[in-house]
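This report describes selected packing and pairing features of a protein model. The sequence and structure are shown first, and the account follows.

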Amino acid sequence: MEKKWWHDKVAYQIYPKSFYDSNGDGIGDLPGIIQKLDYLKDLGVDILWLSPCYPSPLADQGYDISDYYNIDPRFGTMEDMDRLIAEARKRDMYILMDLVVNHCSDEHEWFRKACQDPDGKYGNFFYLRDKKEGLPTNWRSYFGGPVWEDLPGTDKQYLHVFHKKQPDLNWENPEVREEVYKNINWWLDRGLAGFRIDAIINIKKALPFRSYEPDRADGLCSIKTMLKEARGIGEFLGEMRDRTFRKYDAFSVGEVFDEKEEEIPDFIGENGYFSSMFDFNETIFGQSPDGWYAAGEVTPDDYRNCCFETQRKIGKTGFVSNIIENHDEPRGVSRYIPQGDCCPESKKMLAALSFMLRGLPFIYQGQELGMENVPITSIEQVDDINSLDEYQVA
């Protein structure tokens, strides 16, 4: 494996909304991140991954982007972002942004134009189907309910594998891919060091569309059933690598689920699509198709075995990124340390194990303090579309 600039680094994920509020409005912001750069440098952090801070209606906490070329005023300005990149560079630190291109927001200009003219150019930016009796397919979205929603003001429906305000982009359309590559290069030209790549496995659908055997009483099937049949994603990912990341020696880390062992070289080998991909082996252990409420306990032996399994599978093929937690997961010390044993010593043991694994360690904000889950006494306290759906499932 060729040595790259990111191979001896430590990364840290920032969720801007809740990191550091510099102006007292109750929302974390980019100037707040700039104020904390010295703290992060002293902590030993080299790479900062920012969860989405683009303009967004926040239907899915920023993962529904309405403008890929700007910063949401809640978090600051484009000048603040340029200053963050420059201040990080002074400290030999690197900034990553979240690349969310399986879908955009329904408030994005492309989708608004698709509503105005579904048979025109921008209608082909999305997956549109004529409205008929019943649904085009019986796929269930990640957040519950059918993946099909009426296209406002038309006789068509559009596909969304996540929230209904997150219409899927049609990657089969070369014009869509060109727009994505143009945006990636625009940010890399501004000095960005790379991207964390969100939900990327979903960009390739199994064609032609069809329904599958229902797996719950709602008559729908998991979207993952369709994704298992999808073929050809490598053509998209290889093209994206060659048109963007490779030209800049940029770092890319993929959110990749359900990859087959023989596919690992394709994703992170010498000529892989990405520089790295996250190890989710521990986070998915014990999951149940019935939902979160039916998930099994993760014992210390289970955790160890998951870590070792990934290390064996990856071997010297490529460079994996190791996490204990992230914005989608509970606090690791609350999940992985047996009840009653959560203390400073056990927290440090979990941290030491993670840092001794081969690969790039990613810390989630607050993890360096050993933060635990916040006790929830009512579902009314929860503002997260996925958690709210899982509550209804339970």
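A polar contact is a pair of N or O atoms within 3.5 Å; within protein, one must be able to donate a hydrogen and the other to accept it, and residues adjacent in sequence count only if both atoms are side-chain atoms. The model is predicted: local features need pLDDT of at least 70, side-chain atom pairs count only at pLDDT 80 or more, and totals for chains, interfaces and linings use all residues. Residues are numbered from 1 along each chain as its sequence is written, and side-chain values use heavy atoms, with hydrogens and water left out.

Ser-276 belongs to strand β11 (residues 276-279); helices (H or I, at least four residues) and strands (E, at least two) are DSSP runs, numbered from the N terminus. Because its relative accessibility is 0%, Ser-276 counts as buried, a term for under 20% relative accessible area, with exposed over 50% and partly exposed in between (1.4 Å probe, protein chains only).

| Partner of the Ser-276 side chain | Distance |
|---|---|
| Side chain of Ser-321 | 2.8 Å |

Leaving aside neighbours within four places in sequence, Ser-276 is in contact (heavy atoms within 4.5 Å) with residues including Phe-251, Val-253, Ile-268 and Val-320. The C-alpha atoms of Ser-276 and Glu-255 are separated by 9.4 Å, the two residues being 21 residues apart along the chain.

**Nonpolar cores**

A nonpolar core is a set of buried Ala, Val, Leu, Ile, Met, Phe, Trp, Tyr and Cys residues joined through side-chain atoms within 4.5 Å. The largest one has 85 residues, and Leu-48, Met-81, Phe-195 and Met-240 have the most contacts inside it. Helix α5 (residues 174-189) contributes the largest share of this core, 6 residues. A second, separate core of 17 residues includes Val-147, Ala-206, Phe-209 and Met-226. Not counting residues up to four places away in sequence, Met-240 touches Leu-99, Trp-171, Tyr-181, Ile-184, Ile-200, Phe-245 and Phe-274.

**An open sheet**

Three strands form an open sheet in the order β4-β7-β6, with antiparallel pairing. Strands β4 (128-130) and β6 (148-150) stand at the edges with a single partner strand each, so one side of each is left without a neighbour in the sheet. Strand β4 pairs with β7 (residues 156-159) over 3 bridges, where pairing requires that DSSP finds at least two bridges between the strands. Within this pair, Leu-128 has Tyr-158 of β7 as its bridge partner.
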